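Please consider the sequence and the three-dimensional model shown below.

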Amino acid sequence: MDLIVRLVETINDQCDLPYPVIAGYLKPGECIGLVPDPGSSTIDEDWAGNKTKRMNYTIAMRTKDAGQADKFMWEISNFLEMADDIPSADESYIFEEIEQTGLPSMSEQDEQGYTDYMLNFFVQIITRTKK
């Protein structure tokens, strides 16, 4: 399933960010990462085996510039709020909805002065049974 890849591509295409979003955990230094969160689940399954899934994600930004983090995390938040379709490139899912489960917030700060900012959301999709 290419959902995380499509999320990263779409955010990078639609948001004017200082550096591209990567799929995966934050790297040392300034970066933006998108990772799956625990708690994703199948919420329904039809007789054909097609499943409605709720996939949880966090997008995080690490930076020393609080103003920059605020600006770009809200840009991503506004994009997610308005996104109405993130289609699969390999037809592995059908997009249903995306919803934020929180607003951008500061998470932690390390000894080098980097602060991590987080934004949580879920994507609801339908996965098709391949025959």
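This is a predicted model: local features need pLDDT of at least 70, side-chain atom pairs count only at pLDDT 80 or more; totals for chains, interfaces and linings use all residues.

Residues are numbered from 1 along each chain as its sequence is written, and side-chain values use heavy atoms, with hydrogens and water left out.

The largest nonpolar core has 30 residues, among which Leu-7, Ile-59, Ile-76, Ile-98, Phe-121 and Val-123 touch the most other members. A nonpolar core is a set of buried Ala, Val, Leu, Ile, Met, Phe, Trp, Tyr and Cys residues joined through side-chain atoms within 4.5 Å. Buried here means under 20% relative accessible area, exposed means over 50%, and partly exposed lies in between, with a 1.4 Å probe and protein chains only. At least two residues of this core come from each of helix H1 (3-14), strand S2 (31-36), S4, helix H2 (66-82), strand S5 (93-100) and strand S7 (115-127). H2 gives the largest share, six residues. Helices (H or I, at least four residues) and strands (E, at least two) are DSSP runs, numbered from the N terminus. In soluble globular proteins, nonpolar side chains tend to be buried together.

Ile-76 illustrates the packing: leaving out residues up to four places away in sequence, Ile-76 touches Ile-11, Cys-15, Leu-17, Ile-59 and Leu-119. Such a contact means heavy atoms within 4.5 Å.

Which residues form the aromatic pair? Tyr-57 and Phe-121 do, in a stacked arrangement with 5.8 Å centre to centre and 25 degrees between the planes. Rings of Phe, Tyr and Trp (its six-membered ring) pair if their centres lie within 6.5 Å; planes under 30 degrees apart count as stacked, over 60 as edge-to-face and the rest as tilted. The pair links distant parts of the chain, since Tyr-57 belongs to strand S4 and Phe-121 to strand S7, 64 residues apart. Both Tyr-57 and Phe-121 are buried.

Thr-63 is found in strand S4 (residues 51-63) and is buried, with a relative accessible area of 0%. A polar atom of its side chain lies 3.1 Å from the backbone nitrogen of Asp-65, and a polar contact of 3.3 Å joins the side chains of Thr-63 and Gln-68. A polar contact is a pair of N or O atoms within 3.5 Å; within protein, one must be able to donate a hydrogen and the other to accept it, and residues adjacent in sequence count only if both atoms are side-chain atoms. Gln-68 itself lies in helix H2 and is buried at 19%.

Met-118 lies in strand S7 and counts as partly exposed, at 22% relative accessibility. Apart from neighbours within four places in sequence, the residues in contact with Met-118 include Thr-58, Ile-59, Met-73 and Leu-103.

Why does the structure hold zero disulfides? A disulfide is a pair of cysteine sulfur atoms within 2.5 Å. The sulfur of Cys-15 is 16 Å from the closest cysteine sulfur, in Cys-31, and is therefore too far for a bond. Cys-15 is buried at 7% relative accessibility, and Cys-31 is buried with a relative accessible area of 9%.
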